[in-house]
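Please read them with the sequence and the structure open.

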Amino acid sequence: MDSTATDRFDTSRFEASRNRLASLAYRLLGSAADAEDAVQDAFLHWQAADRQRIKVPEAWLTKVVTNLCLDRLRSAQARRERTVGAWLPEPLLDGDPMLGPADTFEQRESVSLAMLTLMERLSPLERAVYLLREAFSHSHAEIAEILDITESASQQHLHRARRRITAARRRGGDEVDQTSARRIVEEFLAAAASGRTERLVALLTDDATAISDGAGLTRTLLRYDTPQRVAAVARAGFKPTPAKRRLAGGTPAVHYALVNGAPAILFVLGDQVIGAVTFDITNGKIATVRGTAAPTRLTRLTQAWRRHEPDAPLITRW
């Protein structure tokens, strides 16, 4: 095999692992853009390596991507961004290959926005061990090899990660019936758009919270606690006004969608998603509302939306 044919063969071997590597990187970083960068860096490492000496390419690539992601999580910039309270996981439209694998409850939960947020409480090593074990079913021997730690250390990191996640988890973690979830979200949208505060409060849990990135216009996240405050913010935010339409650049349609496995409302102008509001639902009520409108956080979701065949909008002209 000549060098050109070898390069094509080796490139195809990398491409066969690209989606799996990207899904691992996304779970570790919570950002599709950063995950794509990590996978591209891994490709450069792959090209520069003596590939004849790599016995198991999939294992080698997993190790490279994991450690590239850990370097990013440990960087001064990442620590600064994540500690000042200006960070939310990047939302992805269901069906995006970056959300896979999704065969088990643990795998699906690991890409929920709730879990990606919870994992910010873990150290980078705890996060890596937890995901490699829970979402990708690696043995402790394999994790030890990937992270250059002992099997005992891997087990200890996993134990601490599980303990911290269990302690921080607000809900029981049951999967939500999608038909019921859609009905609740549609009721929430109707009540917010019409200004019915009492109905909004009734749809929220007693400890409901809302989090917004402020469309990227604020340095820190906007947080609201108590059902009354969340309802007030929702009523103000969801009611259309001429000023909001000017800010949006037009009159968007409002669609129901699934984002990271959770029910969501998307504001779509033309073929551009300009806002995503996701909902965590437990026991038939809304526990958390997350709003993302910073354009840089919606790039991949918009790309997926353009390939998507949506249902009829909940609101044609908001």
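1. Helices here are DSSP runs of H or I with at least four residues, numbered from the N terminus. By that rule aspartate 10 falls in helix 1, which covers residues 3-29. Please keep in mind that the model is predicted.

2. Is aspartate 10 buried or exposed? Buried means under 20% relative accessible area. Aspartate 10 has a relative accessibility of 3%, so aspartate 10 counts as buried.

3. What does aspartate 10 touch once its neighbours within four places in sequence are set aside? The contacts are Trp46 and Arg51. With arginine 51 there is also a polar contact, side chain to side chain, at 2.5 Å.

4. Arginine 223 sits in strand 2, residues 222-225. The cut-off for exposed is over 50%. Arginine 223 counts as exposed because its relative accessibility is 51%.

5. Leaving out neighbours within four places in sequence, arginine 223 is in contact with Ala210, Ile211 and Arg229. A separate figure concerns arginine 290: its C-alpha lies 9.4 Å from the C-alpha of arginine 223, and the two residues are 67 residues apart in sequence.

6. How many of the 11 residues of helix 7 are buried? The number is eight, and helix 7 (residues 124-134) is mostly covered.

Methods
Residues are numbered from 1 along each chain as its sequence is written. This is a predicted model: local features need pLDDT of at least 70, side-chain atom pairs count only at pLDDT 80 or more; totals for chains, interfaces and linings use all residues. Side-chain values use heavy atoms; hydrogens and water are left out. Helices (H or I, at least four residues) and strands (E, at least two) are DSSP runs, numbered from the N terminus. Buried means under 20% relative accessible area, exposed over 50%, partly exposed in between (1.4 Å probe, protein chains only). A polar contact is a pair of N or O atoms within 3.5 Å; within protein, one must be able to donate a hydrogen and the other to accept it, and residues adjacent in sequence count only if both atoms are side-chain atoms. Contact means heavy atoms within 4.5 Å.
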